[in-house]
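I opened the notebook to record what I looked up in this structure. The entries follow in the order in which I made them.

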Amino acid sequence: MHQEAAIRPPLILGHRTYGDITADVAAPIENKASRTYYLLLTIASIIALYGVGCILYLISKGIGVWGLNKTINWAWDITNFVWWVGIGHAGTLISAVLLLFRQRWRMAVNRSAEAMTIFAVMMAAVFPMIHMGRIWLAYFVFPLPNQFGSLWVNFNSALLWDVFAISTYFSVSLVYWYIGLIPDFATLRDHVSSKWQKSFYGVLSFGWSGNAKAWQRFEEVSLVLAGLATPLVFSVHSVVSTDFATSLVPGWHSTIYPPYFVAGAIFSGFAMVQTLLLIMRKAMNLEAYVTRKHVEYMNIVIMVTGGIVAVAYATEFFMGWYSGVEYEYYTYMSVGAATGQYAWAFWALIICNILIPGLLWFKKIRTSFFWAWAISIVINVGMWFERFDIIVLCLHRDYLPSGWTMFHPSWMDVGTFVGTIGIFFTLYLLFARYFPVLALNELKTILKTSGESYKGEVLPKSQH
Amino acid sequence: MANKVIYAIYEDPEELKGAARKLITAGVQVRDVFSPFPIHGIDPIIGLKRTRLGIVSFMFGMMGLSLAVLGTYYMMIYDWPMNIGGKPNHYYYQNVTGFVPVLFEFTVLCAAHGMAITYLIRNKTLPGMPARNPDPRSTNDKFIIELRTEENTQHAPEAITAMLRETPVFEINERQC
């Protein structure tokens with residue numbers, strides 16, 4: 001049996017048995033949801049409906065209803081796309097990369113983080129689809145035999161790489177998530193008492209029986225999928241960054257974009273995991289499983305990736321200045337940006353992404369639930385500004401001063417963005433109510449090595 | 001004598017492993033083991049061979065890579081070469097660097113989905129399949145060894161039960177099959 005050092009803090013608090021873990025995870029599914037839940041679900045679905053309305057209006061009228069202009073022809077649409085894809089990076093990173101590194105604390109957070117990933121990537125996919133303008137021609141992005149015209153899609157294009165990267169990432173993440181869910185659905189199937197719930201989870205569990213061979217295959221599939229998903233996580237945001245980096249726009253045309261974007265994506269993804277999980281642990285009584293230590297571990301990942309992002313900003317700023325090229329004077333990391341009309345956006349980025357997350361270097365703050373939650377929201381805002389700055393600030397000073405302009409979002413820009421947040425939270429709330437929010441059977445494997453009540457048994461008292 | 005299935009139920013995976021080892025040493029065939037989570041180290045005890053799903057995944061990945069190479073070659077070099085920003089398009093090897101992201105993604109796509117589908121089919125876990133675990137507690141907190149008397153004719157059923165009683169067993173159930 002695996003042994004764990006006694007000085008490591010326990011990952012499962014309290015005196016729990018295998019049965020308790022099942023009961024704790026099944027409780028929100030079996031019990032009636034609280035009024036707060038229905039209130040939140042109502043608010044989220046109203047915003048989601050508003051978003052759907054905005055998207056339908058956009059499709060019927062064309063993208064002229066957004067605030068785009070001749071100079072800034074990409075703005076909130078791509079900002080939102082990159083923001084959502086970035087958020088969608090944490091889930092598969094937690095479940096795949098941390099599995100390969102044998103990080104056991106991931107077991108308490110991976111399920112909800114993966115759900116968040118899938119919903120975030122769905123929201124991300126909305127924006128490239130609707131920003132095409134003629135969404136009914138969206139299938140043109142696939143390499144279909146060309147009776148429609150005379151050309152194939154261009155495999156040299158970063159935009160086509162994106163189609164492949166996002167669709168592969170989404171479908172592989174979904175499969176990975178579901179394969180992990182099957183045994184947990186089986187547990188619920190055998191645990192719940194109501195008849196319709198039994199048949200609901202019976203269908204979802206695909207008839208899982210948990211025999212030795214099935215578990216052996218399960219472990220092999222988890223490991224190989226983790227190995228496949230790990231380079232996938234890094235490739236997706238690298239490819240997203242090449243949408244910019246392979247162009248010739250000053251500020252976008254930068255070779256450090258791929259690693260810098262990946263670090264930024266993990267940074268924002270973990271922030272969103274914290275935002276959701278810290279509320280969920282309270283609302284669903286998961287305090288024993290998502291502990292202070294889990295929050296600290298996640299904050300350390302945020303500190304590392306935030307540090308990489310800060311170094312990337314500094315590099316961009318310095319190299320732009322050092323090149324002495326006038327066009328670089330107005331990129332998103334430049335004196336021109338820091339003092340110009342978009343100074344507020346520049347400083348919002350610096351404050352939200354470097355200064356405030358810097359507080360996490362204090363142990364008191366990174367182990368505090370409240371501060372971790374508050375800072376995670378600031379990071380979410382800051383990372384949205386990062387993408388806004390990269391896209392809008394680099395475009396707003398065109399090569400000819402006659403083309404210089406500002407971007408003014410229309411109500412449709414706001415509506416489509418806020419709407420996707422509504423759809424995201426609606427899906428997440430439904431997940432929290434009907435799906436096992438913890439990988440409960442995986443957690444049982446560490447109960448006797450990392451559970452608080454078993455910790456003492458691993459080593460005799462004298463060795464403490 | 002009718003054939004019987006014996007289910008020995010344990011409360012701890014380590015206890016089950018000890019019991020399984022004891023039964024195998026005494027020459028009793030263990031039919032299967034059901035548990036709520038994977039019991040590490042049980043496979044060699046009950047004689048399970050390593051799964052070949054990893055090889056399946058590799059083969060699907062190679063298939064994906066070959067298809068992607070074939071597709072990009074046909075579309076970009078053979079059928080309709082395009083001059084995009086002066087990038088060379090006369091030979092595949094000159095243009096292939098631009099296809100690397102797509103080749104990679106398609107390899108992963110085929111490897112992951114090919115393996116996942118094979119896994120579901122081999123496990124007989126598909127939508128609408130009935131559950132086959134003998135006891136609902138085996139997905140919660142109990143660990144079950146399944147034995148069949150027809151596979152252990154050299155031992156009397158009573159002898160097997162007696163052997164099980166010597167292990168820290170929680171419950172023994174018998175069923176006609």
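At what angle do helix H5 (residues 106-131) of chain A and helix H15 (residues 411-434) of chain A pack, and how far apart are their axes? I noted first that the model is predicted. For this pair I found an angle of about 150 degrees, with the axes 10 Å apart. I wrote down that H5(A) is therefore roughly antiparallel to H15(A), as angles over 145 degrees count as such. I also looked up the handedness, and H5(A) passes H15(A) in a right-handed crossing.

Next I listed the residues where these two helices meet. From H5(A) I have Ala115(A), Met116(A), Phe119(A), Ala120(A), Met123(A), Val126(A) and Ile130(A). They meet Thr416(A), Thr420(A), Ile423(A), Phe424(A), Leu427(A), Tyr428(A) and Phe431(A) in H15(A). I sorted the residues of this contact by class and got 12 nonpolar, 2 polar and no charged.

I turned to helix H6 (residues 158-191) of chain A and helix H7 (residues 195-204) of chain A. Their axes are 8 Å apart, and the packing angle is about 160 degrees. That angle makes H6(A) roughly antiparallel to H7(A). Is the crossing of H6(A) and H7(A) left-handed or right-handed? I recorded it as left-handed.

In H6(A) the residues in this contact are Phe185(A), Leu188(A) and Arg189(A). In H7(A) they are Lys198(A), Tyr201(A), Gly202(A) and Leu204(A). My tally by class for the contact of H6(A) with H7(A) is 4 nonpolar, 1 polar and 2 charged residues.

I then checked helix H12 (residues 343-355) of chain A against helix H14 (residues 369-396) of chain A. Their axes come within 8 Å and cross at roughly 145 degrees. The crossing of H12(A) and H14(A) is left-handed.

On the H12(A) side I listed Ala345(A), Phe346(A), Ala348(A), Leu349(A), Cys352(A) and Asn353(A). On the H14(A) side I noted several residues, among them Val378(A), Gly382(A), Phe385(A), Glu386(A), Asp389(A) and Leu393(A). The contact of H12(A) with H14(A) divides into 12 nonpolar, 2 polar and 2 charged residues.

**Chain A as a whole**

How many helices and strands are there in chain A? I counted 17 helices and 0 strands. I wrote down a box of roughly 75 × 55 × 45 Å for its C-alpha atoms, taken along the principal axes.

**Chain B as a whole**

Chain B has 6 helices and 4 strands. From the N terminus on, I read its elements as β-α-β-α-α-α-α-β-α-β. Its radius of gyration is 26 Å, whereas a compact globule of 177 residues would have one near 16 Å. The C-alpha atoms of chain B fill a box of roughly 80 × 30 × 30 Å along the principal axes.

**Where the chains touch**

Technical notes
Residues are numbered from 1 along each chain as its sequence is written. Chains are lettered from A and ligands numbered from 1 in the order in which they are written. This is a predicted model: local features need pLDDT of at least 70, side-chain atom pairs count only at pLDDT 80 or more; totals for chains, interfaces and linings use all residues. Axes are lines fitted to C-alpha atoms, for helices over the stretch in contact, and angles run from 0 to 180 degrees between N-to-C directions. Angles under 35 degrees count as roughly parallel, over 145 as roughly antiparallel, 65 to 115 as roughly perpendicular and the rest as oblique. A crossing is left-handed if the near helix is turned anticlockwise from the far one by less than a right angle, and right-handed if clockwise. Two residues are in contact if their C-beta atoms, placed from the backbone, lie within 7 Å. Ala, Val, Leu, Ile, Met, Phe, Trp, Tyr, Cys and Pro count as nonpolar, Asp, Glu, Lys and Arg as charged, and the others, Gly among them, as polar. The radius of gyration is taken over C-alpha atoms; the globule rule is 2.2 Å times the number of residues to the power 0.38.
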